[in-house]
Amino acid sequence: MSCEEGDGCFEPVSLFCVTKASVVVTAVGKHLVATFGETTTGTTTTAESHPHGKRVVAMAATGEGDVLVSVAADKSIAAWKLPALELLATSAVDRKASGVAISPDGSEVVVCDKVGDVFAFSLPGLVRRTDMGEADRGHRIVGHVSMVTDVAFKVRLSEYPKSYNIAEYCLGHTQFVACLATVPGAPLLISGGGDGNVAVWRVPTGEQVGPMLHAISGTKPTPLAVHNHDMASGEPFVPVGHCTHTDPESDSMVTCVAVAPDAALVAAIVSGHPTVYLFAMDSAAGLAPAGSVELGGATLPDGTVLAADVQPLSVTFDAAGRLWTSLYTDAPGTPLMACFERPEPNAPMAHVAADSPIAATLAAIAVAASIPRDFQAGQDPLSVGIPLNQLRKRKKVHSPTDRTKRVAARAPSTVLAAASTSTN
Amino acid sequence: MKYPVKPDLYPWHEVYPAFVKPEMSYAEMPKVEIADIGCGFGGLLMALSPLFPDTLIMGMEIRLKVSAYVHERIVAARANGNGCQNLAVTRTNSMKHLAKNHRRRIISQALLAEYAYTLRVGGMLYTVTDVLDLHQWMVEHLDAHPLFERIPDADVADDPCLVAAMTKTEEGIKVARNSGDKYPAVYRRIDA
């Protein structure tokens, strides 16, 4: 399947966030579009020079929703005032960034690169902090702001700014940790891994809260034992602890997790699956499966039918508890984003009504963020629009049906999250 | 080679059978308190074992044949009634487990943060080398790290761990035979 020019295939929204002030900021390639109600402002239309020369790879908004920081693949960083997307400051990092997080009080932003070095900048001026960290390493903060993942399957919790002081590790994933989300109002962290599992961790003790769950099946993975004679063998390293029920080589990588503002619901999306998996969260018992939102083949209120293989790229909850997701598929006419809510407290999630204000916001985004997709012949469609920190650059093109190879192309990278250890 | 993703999944009762029973939970079992990072042929492990008979000691060695040799040495000693119940070796890349993503596999601030994590406040870190440049590099980085405090050489001259580290390793014996210099540096892990 591939799109021809002009038939309604657009660059997907690879990243987005919904601020506390209900501004939806979407990243489409290197451009940003901020939508408030039906009003949109976008770098797609502005005549001023755009700070980013390559696609945006990560962004974060302050808690109050007044400032957004975006980081692009060309190492540029920009701070913007919302909702007008006024450029406040620009800066740069030395190596391609893969993650960004803003301190809970909104005064600092930290950026991490793929190898796990972290740098701090003030907000809103984006002045690099040189009063901390290793002077001979560009003042990188040795550790990381509160939490960071590395490819060795764990989350490292460090104190900020004394990031040389590692508080604890969150151990348990048997593949790289792919995504993190902080829990509002609680010292907890949700992780999703390349092993297809999701887990809840206490900050800063690192202990797991409740069982690790396989995102798709909602069941506990089976622990595997290690025997001492294994240690003496010469075989390559394979971590064991918990394995997924399915083949660990399979494509069940959790690509994004999000937490609802009431901290009672968690959403997770898995690569290759046209579904948003939902979990109830309890701060003492951890996660329990709570159904899912089926996107593949779903009929939206305005009559659009989503393709069977539609891929959610990112999920988040807004302040009212609505679930937003950005979509990717080859089928022309697919909306860039969708939004779901519960019509009544215990009803299943349903797409917002066609006459709701949110539908108007979605329509405004669709107009402002529609950049026709630029296809090269033979390009793997799924390599377009996937957040850069989940892609390893490859010249090879994989066939769309070869799911295992596609997952292998998503190299793990460093992910960042900032959390306050006090409950508020 | 399988390695457990967390310490409580490691078969400690197979490694230290005299100290850890299969039915013990991870919380109640004794923990490793001395680590020889890069233990080579086990000389230091053997020297430390009788000095700290109730303390669990773990050696880490990346070379397969060398770690297998140390393992055999420990097994034989135990079978002959020569103690070593508190010793174990694991063939592992210490840098992998501690600092996987760092390209520079030498002491750096980042790696030291990992070491500090593994040590309790008041724990000790011993370094010895016959290469002056390396000694100066280690001292520079350890001095700069907020969680380590240097203990003057004079104050640790009689520390049995340091004596063992300087005189009981195969490297240390070789250096002495060649009348080389040995440069120690000992640090205490302090509070943040």
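Predicted model: local features only at pLDDT ≥ 70, side-chain atom pairs only at ≥ 80, totals over all residues.
Me: Which residue of S7(A) is the bridge partner of Val71(A)?

Reply: Strand S6 (residues 67–72) of chain A runs antiparallel to S7(A), with 5 bridges joining the two. They form a hairpin with 3 residues between them, where Lys75(A) in the turn has a positive phi of about 70°. Within this pairing, the residue of S7(A) that partners Val71(A) is Ile77(A).

Me: Why is strand S7 (residues 76–81) of chain A largely enclosed by the rest of the structure?

Reply: Burial is judged by relative accessible area, with buried meaning under 20%, exposed over 50% and partly exposed in between (1.4 Å probe, protein chains only). Strand S7(A) is largely enclosed because, of its 6 residues, the number buried is 5.

Me: What is the relative accessible area of Leu85(A), which has a positive phi although it is not a glycine?

Reply: Leu85(A) lies in the loop between S7 and S8 of chain A, a hairpin that has 4 residues between the strands. Pro83(A) lies in that loop as well, and the peptide bond from Leu82(A) to Pro83(A) is cis, with omega near 0°. Phi of Leu85(A) is about 50°, and the residue counts as buried, its relative accessible area being 9%.

Me: Is Ser179(B) buried or exposed?

Reply: Ser179(B) lies in the loop between helix H9 (170–177) and strand S7 (183–189) of chain B. Its phi is near 55°, a positive value in a residue other than glycine. With a relative accessibility of 65%, Ser179(B) counts as exposed.

Me: Which residue of S11(A) does Glu108(A) stand opposite?

Reply: In chain A, an open sheet of 3 strands has the order S9-S10-S11, with antiparallel pairing. Strand S9 (97–102) and S11 of chain A stand at the edges with a single partner strand each, so one side of each is left without a neighbour in the sheet. Strand S10 (residues 108–113) of chain A is joined to S11(A) by 5 bridges, and Glu108(A) stands opposite Ser122(A).

Me: Where is Pro124(A) found?

Reply: A cis peptide bond joins Leu123(A) and Pro124(A), with omega at about 0°. Pro124(A) is found in the loop between strand S11 (118–122) and strand S12 (146–150) of chain A.

Me: What angle does the direction of helix H3 (residues 64–79) of chain B make with that of S4(B)?

Reply: In chain B, 3 strands form an open sheet with parallel pairing in the order S2-S3-S4, whose edge strands, S2 (32–37) and S4 (87–91) of chain B, each pair on one side only. Angles here run from 0 to 180 degrees between N-to-C directions, with axes fitted to C-alpha atoms, for helices over the stretch in contact, where contact means heavy atoms within 4.5 Å. Helix H2 (residues 43–51) of chain B lies across S2, S3 and S4 of chain B, running at about 180° to S3(B). Helix H3(B) packs on the sheet, touching S3 and S4 of chain B, and its angle with S4(B) is about 160°.

Me: How many charged residues are in the lining of the second largest cavity?

Reply: On a 1 Å grid over the protein atoms alone, a cavity is a set of points where a 1.4 Å probe fits but cannot get out, and lining residues have an atom within 4 Å of a point. The second largest cavity is lined by 14 residues, with Phe10(A), Thr329(A), Thr334(A), Leu336(A) and Arg373(A) nearest its centre. Ala, Val, Leu, Ile, Met, Phe, Trp, Tyr, Cys and Pro count as nonpolar, Asp, Glu, Lys and Arg as charged, and the others, Gly among them, as polar. By that division the lining holds 9 nonpolar residues and 4 polar ones, and the number charged is 1.

Definitions and conventions. Residues numbered from 1 in each chain as written. Chains lettered and ligands numbered in written order. Heavy atoms only, no water. Pairing = 2+ DSSP bridges. 1 Å grid on protein atoms, 1.4 Å probe; cavity = no way out; pocket = protein on both sides within 12 Å on 5 of 7 lines; lining within 4 Å.
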